[in-house]
Amino acid sequence: MSKSLHKDICDKLRFSKLYERYAQSMSTILYYKYGDLLNPSDKVQDAFIKLWENCAKVAPEAAKSYLYTVANNMMLNEVKHQKIVFKHQEVKPKDYTNETPEFMLRKKEFLKRYETALSTLKEEERVAFLLSKVDGKTHKEIAELLNITKKVAEHRIYAALNKLKDQLEELN
């Protein structure tokens with residue numbers, strides 16, 4: 001008699017009836033227990049897949065218990081995984097550098113002078129220059145974005161660069 005019971009759970013029709021009977025309630029229980037963030041419906045689906053893969057090993061009378069146990073364990077594993085992810089995200093980057101205080105001060109001063117020099121450029125030169133050097137756009141892309149020819153874009157970028165070189169000796 002036991003062998004015929006095992007065949008019953010591996011039967012597609014009986015398995016689908018089992019799914020219809022327990023899937024929604026399992027999903028609801030997992031939702032109430034763990035919340036929606038960990039995708040309880042997905043865990044229920046995975047539990048049913050695992051049951052189908054092991055249908056010959058699971059007695060029909062143990063199917064409900066098997067499903068709940070597997071789905072709950074999957075949720076617990078996901079909780080553990082999320083804790084590890086959160087812990088990893090809490091790791092703070094180092095708050096020190098190998099740069100000397102003098103270098104840091106010079107860098108800060110240069111950035112101020114650079115911003116000042118940028119502000120003295122004509123708007124169209126500054127825009128073309130920043131699109132090229134900061135955003136990494138090609139001359140052709142800049143021309144299309146600004147609705148100008150490629151030659152005009154090149155001229156604006158080089159004019160901006162030359163003016164910046166005049167004001168900032170570090171660029172020479």
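This is a predicted model: local features need pLDDT of at least 70, side-chain atom pairs count only at pLDDT 80 or more; totals for chains, interfaces and linings use all residues.
A residue is called buried when its relative accessible area is under 20%, exposed when that area is over 50%, and partly exposed in between.

**Overall form**

The protein has eight helices and zero strands. Its pattern along the sequence is therefore written α-α-α-α-α-α-α-α. The radius of gyration is 32 Å, well over the 16 Å that the globule rule gives for 172 residues, so the protein is more spread out than a compact globule. The C-alpha trace spans about 95 × 45 × 25 Å along its principal axes.

Two domains are assigned: domain 1 covers residues 1-91 and domain 2 covers residues 92-171. Their C-alpha centres are 57 Å apart.

Of the 172 residues, 26% count as buried. The accessible surface comes to about 12800 Å², and carbon and sulfur atoms account for 54% of that surface. Among contacts between residues at least 6 apart in sequence, 60% join residues at least 24 apart.

**The disulfide**

How many disulfides does a search of the whole structure find? The search finds one disulfide. A disulfide is a covalent bond between the sulfur atoms of two cysteines. Here the bond joins Cys 10 to Cys 55, with an S to S distance of 2.0 Å. The two cysteines come from distant parts of the chain, 45 residues apart. Cys 10 belongs to helix 1 (residues 2-10), while Cys 55 sits in the loop between helix 3 (40-53) and helix 4 (63-90). The torsion about the S-S bond of Cys 10 and Cys 55 is about 110 degrees, so the disulfide is right-handed.

The two ends of the bond fall into separate accessibility classes. Cys 10 has a relative accessible area of 25% and is partly exposed. For Cys 55 the value is 8%, which makes this residue buried.

**Aromatic pairs**

A search of the whole structure finds five aromatic pairs. One of them is formed by Phe 15 and Trp 52, whose ring centres lie 4.9 Å apart with 70 degrees between the planes. This pair is edge-to-face, because planes over 60 degrees apart are classed that way. Phe 15 in helix 2 and Trp 52 in helix 3 are 37 residues apart, so the pair links distant parts of the chain. Phe 15 counts as buried at 13% relative accessibility, whereas Trp 52 is partly exposed at 33%.

Another pair brings together Phe 110 and Tyr 114. Their ring centres are 6.1 Å apart and their planes are at 20 degrees, so this pair is stacked. Both residues are in helix 5 (residues 101-120), and because they are four residues apart there, about one helical turn separates them. Phe 110 is partly exposed, with a relative accessible area of 22%.

Ring pairs also build a cluster, which consists of Phe 15, Tyr 19, Phe 48 and Trp 52.

Val 44 is placed in helix 3. Is Val 44 buried or exposed? With a relative accessibility of 2%, Val 44 counts as buried. Leaving out residues up to four places away in sequence, Val 44 touches Ala 23, Met 26, Ser 27 and Leu 30. The C-alpha atoms of Val 44 and Met 26 are 6.7 Å apart, although 18 residues separate the two along the chain.

Ser 27, one of the residues that Val 44 touches, lies in helix 2. Ser 27 is also buried, at 11% relative accessibility. Apart from neighbours within four places in sequence, Ser 27 is in contact with Pro 40, Ser 41 and Val 44.

Gly 35 is found in the loop between helix 2 (12-34) and helix 3. Gly 35 is partly exposed, with a relative accessible area of 23%. Beyond its neighbours within four places in sequence, Gly 35 is in contact with Leu 30 and Pro 40.

**Accessibility of selected residues**

| Residue | Relative accessible area | Class |
|---|---|---|
| Val 44 | 2% | buried |
| Cys 55 | 8% | buried |
| Ser 27 | 11% | buried |
| Phe 15 | 13% | buried |
| Phe 110 | 22% | partly exposed |
| Gly 35 | 23% | partly exposed |
| Cys 10 | 25% | partly exposed |
| Trp 52 | 33% | partly exposed |

How values were computed
Residues are numbered from 1 along each chain as its sequence is written. Side-chain values use heavy atoms; hydrogens and water are left out. Domain bounds come from an automatic or database domain assignment. A disulfide is a pair of cysteine sulfur atoms within 2.5 Å. Buried means under 20% relative accessible area, exposed over 50%, partly exposed in between (1.4 Å probe, protein chains only). Contact means heavy atoms within 4.5 Å. The radius of gyration is taken over C-alpha atoms; the globule rule is 2.2 Å times the number of residues to the power 0.38. Accessible areas come from the Shrake-Rupley method with a 1.4 Å probe; for residues, only the protein chains shown count as cover. Rings of Phe, Tyr and Trp (its six-membered ring) pair if their centres lie within 6.5 Å; planes under 30 degrees apart count as stacked, over 60 as edge-to-face and the rest as tilted.
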